[in-house]
Amino acid sequence: MTPETPRPLSAWRFDGTLRAYQADALARVDVDAGSPVHLVAPPGSGKTLLGLLLAARRGRRTVVFAPTTAIRAQWVDAARGLASSDAAVSDAAVSDDPSAPADLTALTYQAISVQDATSPFAALAHRRWETQLEADDRTPEAAAEWLRALAESNPAAYRRGIRSRSRSIRRSLAREDADVLASALHPNARALLDRLVEAGVETVVLDECHHLLDHWALVVAALLARIRAGGREPLVIGLTATLPSPDDADEYDNYVSLLGEVDLEVPVPAVVREGDLAPYRDLVHVVEPTPEEQLFLSAHAEALQVSLRTTFAGGPGRAFLLDVLQPPLAAPAPTDPLAPPAPGAVPDALDRRLAAAFADDFPAAEAAAAMLSLVAPDDPVIARLPAVARRPPTTDETLRLLGRYALDRVLPDPERADEWRRIRRVLADFGYALTDRGIRRTRDPIDTVLASSSAKDRGACDILAIERGEVGDDRLRALVVTDFVRHGNVHGGLLGGAGAVRTFSVLVTDAATSGLRALLVTSSTVRIAARDASTLLPALSAELGVEVSAEASDDDAQVAVVRGIGGSGIVGAASRLLDRGVIHVVVGTRGLFGEGWDCPAVNTLIDLSMVATAAATQQLRGRTLRLDPDWPEKVAHNWTVTAVLPPSVGLEAQPDAARLRRKHARLWGLDADDTTQIVRGLGAALDVARRRALSDVIAKVPGVALADVDGLRSVPPRAQTRLEWRVGEPYDDREEVSTVLERDRATPVFRTTVGAARSLGAVFAGTLAVPALLVVAAFLLPSAVGTVIALAATATGVWLAVPLGRAWANVRRQAVDAVESHRRMAEVVWESLVTTDRVASVSGTPVVTGTGVDARRVRLDVRIPPAAPEDQRTFAAALDELYGPIRSPRFVFEIDRGGPWIVRAVLDRASPTTARDFLPVPSRIARRREDAVRFAGEWRRRVGPVVLHELTSAENLPLLSEARRRGRSPAAARSMVRWR
């Protein structure tokens, strides 16, 4: 029987008061269940204390891994406070020395980042492959020789095999054999694991566990396997502020293998409501690239289009377009070879092939048609296309075609290897990578120029001017974050020294920020404004304990470079100077001032970085949320500066605008339209008018301007933000997913409903009036004849009036009762998802509630209260499609058309040439034609008349074009993830 393992941490005590969510976590988590404990909580929510209390509850010896030395030091200080009030005892119980483990040992991940190969998983995968070959009756020598020969003769196949096995190992790290895992480690890493195991470590705490990269995850997995091999069951406690993105498959596999699913998540709003984080508001400042930058980008875009289209101008490229538009048909029935060809047989075959191309892959056929009409407008196929298809292709369409062409025609042909390399070089010059999976965007010059635009530096100055005007210089504590110290542009040299150095120089010289004392801190340079030297140099010397000096910068006479500073102490010194108000602004890189940097006084973040991952974005914004003892009423402002091309520039790409959406996708905040709600996504930074304006700018809608998007001149006062957060009020701590529709109060649900209601109402009244007159007249005739006439008139009137009356009622309601119409539309969508098995929930009814935004607009909230969260998201996504812009759906509804013949006759007769309304059928419902037909039938019965159009042939291109122009719902729809 295994002897009882010591429980030295069980004597540790916390004498303070736990926060509500901390107490809830401790009550809900079982540390003896044998499963990993996986907790997600925002920066500043007390994850360190929570991790220590969980480790103390289990009592076993513990090792903590942290991402930085600063965070490691926080763990050491907090652990010593719990271990004992006697300094000597606590020092002995807690260690940060990897060579001398204690009851709790705190290390950095870097301490275990030594491995025996550049890619340890590749080495393990190679060994697994050898083992599999040996299991197939090969000797070890033969297996090794076969793999060596494969790597030389077919490197691509060898790499594929290594990748697939590496992925399998990552997914099963927690189940791998201890000796196998340890074999991939460097001897120094194995020695560290030996010391930890010999010290009796059984609890492993992984702070900021989203950092579990390949080599760190491998060592942690090896440690856990070694502990199990010794007969003990380890406990893994994973703590992080955010989950890694599933887009990074390797990292996500590591993460899930070691930590499993999330056991408890503490959302940022809960911590703010508790009063443990400062209330905040997310804000967006949109800037326009400089004229020089716009000129460079326009020339670049034109060069890209010329290079791409040249491929399809003739020869194999043009033949490829024709093959896409003229696929082979099924073999026709045998005919008499002596019979003369039927008139029109060739055009009929051409048309049938064209229809088959669009039915098989509508987007590809549309793109090929557009390209062929550009490079070969006289081709016979073009003559058979509708006029709407004869247009230049978009960049996305061109790239889609080029990717298909390169993969289908060029790559398989060894004789065309030079052409494959040429296409790859051309695309690489413009920021695209061609691989054996297709084309993907890399960091192209458009993205580089917009992300590093010098207009962003001026934008940061504009923000600081607004902020100092609200809180004053005495209160302003700002952090300006960039990605790089310096970042040059390899495409033309236009950007010069973009990065933190350039941003600082602009801030120092801009009139809007004169008077603000600023400090630039990067890993390679520390700078101040020359005018501030007499104030800041003595302050820096006092903080660092060394004499520092300054000399003029070579690239800016108004900037001074600080000399005499070494080591990492400058980051702490900057924090203390900012805290005391000696400086007002710190400019630095995300690497230094992102995760782990702690300065509670910071109340303004200006994000100029290109980071858009959920982890990095949330970590960066966590810098401003700490409570400030010197300002109990602190409210933080988190600004994102985004460069957007104006509609006058012919470029289609808006990568910085797309990055803006990604940055905010996982961020919680006050709803910009309704501050009584806390939501996740861009709706917390831009209200509906600005979001619509951003979409219009991207779509190049005439008359829209960037000023319609920007929020710089309408920043709510901080005191108002604090009140709207309702700090201290109770909450349920749950999420809901719904769709929000914002629309004009007086606008009908569809444009055509007013005229349709009048026409149907008039005919409906006539179907009642005429039979009524006949019945009255029948009384004047002989009884038998009169009875027959009365019965016939009544039957005919009912037969006509029932469908007309139902259609009239539905259309009239759409014209006057929007809430009821939207509720019925939501019901039809939900029930269609249920009947097509797209959702798991079978109960629930859509609930539509309306609230006034102002005298002109109303907001409708559509949700399924009892449904599971995943089903709520599916429903919301379907509604977003239904109300969103029409792109390339398989089916669309033509509104206020269709239904019984009498209804169609009335509507067609009343308004044959008036504007038409369209809605896309959600893709989850349109996967099978019978589902779409059933959906249309329910819509006619409960919502109103529609015609279902299937857009899978060339003949439908004019209809699709019209639907795209007219198919935007008058209600602006968006999915809302709400916290209560």
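**Strands, cores and loops**

Modeller: Let's start here: S17, helix H26 (residues 614-621) and S18 make up a β-α-β unit that is right-handed. Keep in mind that the model is predicted.

Biologist: Which other strand is joined to S18, and in what sense?

Modeller: Strand S8 (residues 280-287) is joined to S18 by eight bridges, and the two run parallel. For example, Val286 has Thr642 of S18 as its bridge partner.

Biologist: Why is S18 called largely enclosed?

Modeller: Buried means under 20% relative accessible area. Eight of the eight residues of strand S18 (residues 636-643) are buried, so the strand is largely enclosed by the rest of the structure. Ala636, Asn638, Thr640 and Thr642 point one way, His637, Trp639, Val641 and Ala643 point the other way, and all are buried.

Biologist: What makes you call strand S4 mostly covered?

Modeller: Five of the five residues of S4 (residues 104-108) are buried. Leu104, Ala106 and Thr108 point one way and Thr105 and Leu107 the other, all of them buried.

Biologist: How do you know that S4 has paired strands?

Modeller: Strand S2 (residues 61-66) is joined to S4 by five bridges, running parallel, with Val64 partnered by Ala106. Strand S3 (residues 94-95) pairs with S4 over two bridges, also in the parallel sense, and the cut-off is at least two, so that counts as pairing. There, Ser95 stands opposite Thr105.

Biologist: Why is Gln872 called buried?

Modeller: The cut-off is under 20%. Gln872 has a relative accessible area of 7%, so it is buried. Its place is in helix H33 (residues 869-883), and beyond four places in sequence Gln872 touches Glu736, Val737, Ile864, Pro865 and Ala867.

Biologist: And Arg475, buried, exposed or in between?

Modeller: Buried is under 20% and exposed is over 50%. Arg475 has 32% relative accessibility, so it counts as partly exposed. Its place is in the loop between helix H21 (454-471) and strand S11 (478-482). Not counting residues up to four places away in sequence, Arg475 touches Asn603, Asp630 and Trp631. The C-alpha atoms of Arg475 and Ala601 are separated by 8.9 Å, though the two residues are 126 apart along the chain.

Biologist: Which residues of the largest nonpolar core touch the most other members?

Modeller: Of its 43 residues, those are Phe312, Leu321, Leu325, Phe358, Leu385, Leu401 and Leu427. Helix H16 (residues 362-375) gives the most to this core, seven residues. Beyond four places in sequence, Leu427 is in contact with Leu308, Leu399, Leu402, Tyr432, Leu434 and Ile439. Another core, of 41 residues, lies apart from the largest one; Leu297, Ala301, Ala500 and Val587 are among its members.

Biologist: Where should I be careful with the model?

Modeller: The mean pLDDT of the chain is 80, and 79% of its residues reach 70 or more. Over residues 333-347, though, pLDDT stays under 50, and the model has one contact there beyond four places in sequence. Residues 490-495 are also below 50, but that stretch has 14 contacts beyond near neighbours in sequence. Where pLDDT is low, the predicted coordinates should not be read in detail.

Technical notes
Residues numbered from 1 in each chain as written. Predicted model: local features only at pLDDT ≥ 70, side-chain atom pairs only at ≥ 80, totals over all residues. Heavy atoms only, no water. pLDDT = per-residue confidence, 0-100. Contact = heavy atoms within 4.5 Å. Core = buried A, V, L, I, M, F, W, Y, C linked by side-chain atoms within 4.5 Å. Buried < 20%, exposed > 50% of the residue type's maximum accessible area, 1.4 Å probe, protein only. Helix = DSSP H or I, 4+ residues; strand = E, 2+ residues; numbered from the N terminus. Right-handed = clockwise from strand over helix to strand, strands pointing away.
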